[in-house]
Every structure is written in structure tokens, then in C-alpha cells.
Amino acid sequence: MRPENLHEGMRLGPIHYLVTPEQARAFSQVVGATSPEFIVDARNPGAIVSPTMRLQDYALLIAAHLKGGTGGVHAKHWCEFHEPMRVGQAVKTEGTITAVYHKRGKFYFTLEYESRDAVTDQLLVRQAITSVLLNDKGEMR
């Protein structure tokens, strides 16, 4: 992942995944979710997934398309939550690099992406992340 490999309009994805009970249960425990609608058990097998569980889908998009490099550092992130994700739901996530630029001697890029129900195509989450790339020494480029 290097500045010369990123350009505006670059499409990333789609990636597909299934929201598993184990993922939802582990995330709910880590963040201390106590609302019954987030608790995955025999009484609630299709529990709602904590909305913040999928905030890092950008990393899956990048890893599926770009190899190597040392990654980046969050500069900003925004989210629009449209519908809840549920345990057992098949999800499709894809995005586009919408900006690449240098500022204060550093290289930034913005990835806008959205997650949809893989069966119905219903919009679940729309997000954007702006990151600063790190150089080979782990420093901001």
C-alpha cells in the first residue's frame, strides 16, 4: 500500500461475510452491551449486532485489494447507520477511494464504503475514513 498505488475512483471490494453469533457475542461482551436486543442466546438467535462492530470493514477492503506496506493512521471517520445488522445476516461491503492528497508533507486518502444486505441489497451502514499512510519505518508519510 503506497501512494503511487492509490488513486481517486479506485474501487475496493466487494467483500462478503456472514455475521456470526460468535463475533456478535464476543463484541457485545467486550463493549459491555447489556441490552437484551444485543444478547445472542437461544431466545434471541437473530440478535441485533452492536452498530459499532463493523466500523473497521475498511481494513478488510484494503487488505483484500492492496498488499504490503505498513498501513495508515486514522485522521477521521464518519458513519451513517441505516438499518441494524443481525446475527446470521449475509453482508456485502464495497467502497471507492474518493480523495488522495498531500497535506503538511503527508499522504492522505479517503475511502467511502457501504455495507448492504447481500440478499436484499438493503443499505445497512455508509461510512468514510480518511487515513494518513505510514512509511516503511512506521512514520507518517
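In which strand is glutamine 127 found? In this predicted model, glutamine 127 belongs to strand 5, and because its relative accessibility is 1%, it counts as buried. Its side chain makes a polar contact, at 3.0 Å, with the side chain of histidine 77. When neighbours within four places in sequence are left aside, the residues in contact with glutamine 127 include Arg54, Trp78, Cys79, Leu111 and Tyr113.

Leu111 leads on to the nonpolar packing. The largest nonpolar core has 16 residues, and those that touch the most other members are Leu6, Leu12, Ile62, Phe109 and Leu111. Two or more residues come from each of strand 1 (11–18), helix 2 (57–65), strand 4 (106–117) and strand 5 (123–133), and strand 4 gives the most, with four residues. Phenylalanine 109, when residues up to four places away in sequence are not counted, touches Met1, Leu6, Ile62 and Ile97, among others, as well as Ile129 and Leu133. Apart from this core lies another, of twelve residues, with Ala24, Ala47, Val49 and Leu124 among them. In soluble globular proteins, nonpolar side chains tend to be buried together.

The aromatic rings remain. The whole structure holds two aromatic pairs; in the pair formed by tyrosine 101 and tyrosine 108, the ring centres are 5.2 Å apart and the planes lie at 5°, so this pair is stacked. Tyrosine 101 is partly exposed, with a relative accessible area of 30%, whereas tyrosine 108, at 8%, is buried.

Technical notes: Residues numbered from 1 in each chain as written. Predicted model: local features only at pLDDT ≥ 70, side-chain atom pairs only at ≥ 80, totals over all residues. Heavy atoms only, no water. Core = buried A, V, L, I, M, F, W, Y, C linked by side-chain atoms within 4.5 Å. Buried < 20%, exposed > 50% of the residue type's maximum accessible area, 1.4 Å probe, protein only. Contact = heavy atoms within 4.5 Å. Polar contact = N/O pair within 3.5 Å; in protein donor to acceptor, adjacent residues only side chain to side chain. Phe/Tyr/Trp six-rings, centres within 6.5 Å; stacked < 30°, edge-to-face > 60°.
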